[in-house]
Amino acid sequence: AADTSTEICFRFVEDPPDATFDLAVNNHIDVDGILSLFVLLNPEMSLANRVLLIGAAEHGDLQASASRDAVVLAQELTPFVNRAASEGESLQTLFAEAFELTIKILGGQHPESEAARLAWDQIDRGHQMLEDGTVTRTEFSSHLVGFELPKLDGQDLERALRVPDFSAIINDSVWLWPHCRNRDHENQVQLTSVPSGDGWFHDLWLPGHVWADTPSRWQVPGLRPTGGSNEWALDNAHLAARVEELRRMETAEGDWILAEQLTPFHSVEGRGFPVVLTFANSNRRQCPSSLSSSQVGTTLADCFEET
């Protein structure tokens, strides 16, 4: 067992069984899936680039922070994930092209694409904003950290509130990518808050790895598998009680909406994975709360502590 299929395959090629094999099957295409089969088919090159390949898989599948080279590799492979959804696309051809590209990248024979360079620029920009205080951090507890963004408007506010799709291409459509927050806080629940007018937009994000079986990463209390494919029920009575407290404190028009289930593609209606709590109007559209980031963070502070 390991946190990604890529790392599982590394353990296989590092200590293979006596039997031989001539077929490898992947049940869905994402960056981790592509790299898993790549490791099996190209063990020597893969072992020489173990850290890089695992980093790219974690970046692509778990919203994990990674080195520049790993981010670039993951972003170069992400278009193959999007192509897999196209009708008439040959998956065998897709894998072959993805493997050929990976070999060229690892061998230094592929010029970095403009899209991959811009992706890293967005990640690096996010790191800088966290370091220079443009985005402030508050540790409410060992497993809850708050991120307060500056006051924004127009397209910047839209970008700040956008929840990216799973396995997204990183560009300037998101003001602060979760991968940046996860550099130092991937094993914490994250409250993001954006001041607006007389109120605050709030989202509560679970770690990006919670949809998967990740034995070396923190397991969020109250998440239990439903038996569906990568589907989890959020059954945290302490969190539910604290949300009721937020509702009693709230004076703005709207309601605090708590997810009951989550998958890599769905959680809170209108927000998306891995957001599990937001303040929204009657149409389930996010709107400003009267409560400050400090009030919300302090109220939720102990919801995810181990008992």
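Select Ala212, in the loop between strand S4 (199-205) and strand S5 (223-225). Helices (H or I, at least four residues) and strands (E, at least two) are DSSP runs, numbered from the N terminus. This is a predicted model, in which local features need pLDDT of at least 70 and side-chain atom pairs count only at pLDDT 80 or more, while totals for chains, interfaces and linings use all residues. Residues are numbered from 1 along each chain as its sequence is written, and side-chain values use heavy atoms, with hydrogens and water left out.

Stay on Ala212. Is Ala212 buried or exposed? Ala212 counts as buried, at 9% relative accessibility. Buried means under 20% relative accessible area, exposed over 50%, and partly exposed in between (1.4 Å probe, protein chains only). Now show the neighbours: leaving aside residues up to four places away in sequence, Ala212 touches Leu62 and Trp232. Contact here means heavy atoms within 4.5 Å. Asp3 and Ala212 are 209 residues apart in sequence, but their C-alpha atoms are 7.8 Å apart in space.

Next, select helix H2, residues 31-41. Of its 11 residues, 10 are buried, so H2 is largely enclosed by the rest of the structure. The buried ones include Val31, Ile34, Leu37 and Phe38. Which helices do the buried residues of H2 pack against? They pack against helix H1 (5-14), helix H3 (43-47), helix H4 (50-62), helix H5 (68-83) and helix H6 (91-106). Colour each of these to see the arrangement around H2.

From here, go to Gln63, in the loop between H4 and H5. Gln63 is buried, with a relative accessible area of 9%. Its phi is positive, about 55 degrees, although Gln63 is not a glycine. Most residues other than glycine have a negative phi, and most peptide bonds are trans.

Another positive phi is at Arg284, where the value is near 65 degrees. Arg284 is in the loop between S9 and helix H11 (293-300). At 37% relative accessibility, Arg284 counts as partly exposed.

Then select Phe273 and Pro274, which are joined by a cis peptide bond with omega of about 0 degrees. Pro274 lies in the loop between strand S8 (261-262) and strand S9 (275-280).

Two cysteines come next. Cys9 is buried, with a relative accessible area of 12%, and Cys180 is also buried, at 2%. How many disulfides does a search of the whole structure find? The search finds 0, where a disulfide is a pair of cysteine sulfur atoms within 2.5 Å.

Finally, zoom out to the whole chain. The chain has 11 helices and 9 strands. Its radius of gyration is 20 Å, close to the 19 Å that the globule rule gives for 307 residues, so the chain is as compact as a globular protein of that length. The radius is taken over C-alpha atoms, and the rule is 2.2 Å times the number of residues to the power 0.38. Along the principal axes, the C-alpha atoms fill a box of roughly 65 × 40 × 35 Å. Buried residues make up 52% of the 307 residues. Among contacts between residues at least 6 apart in sequence, 66% join residues at least 24 apart.
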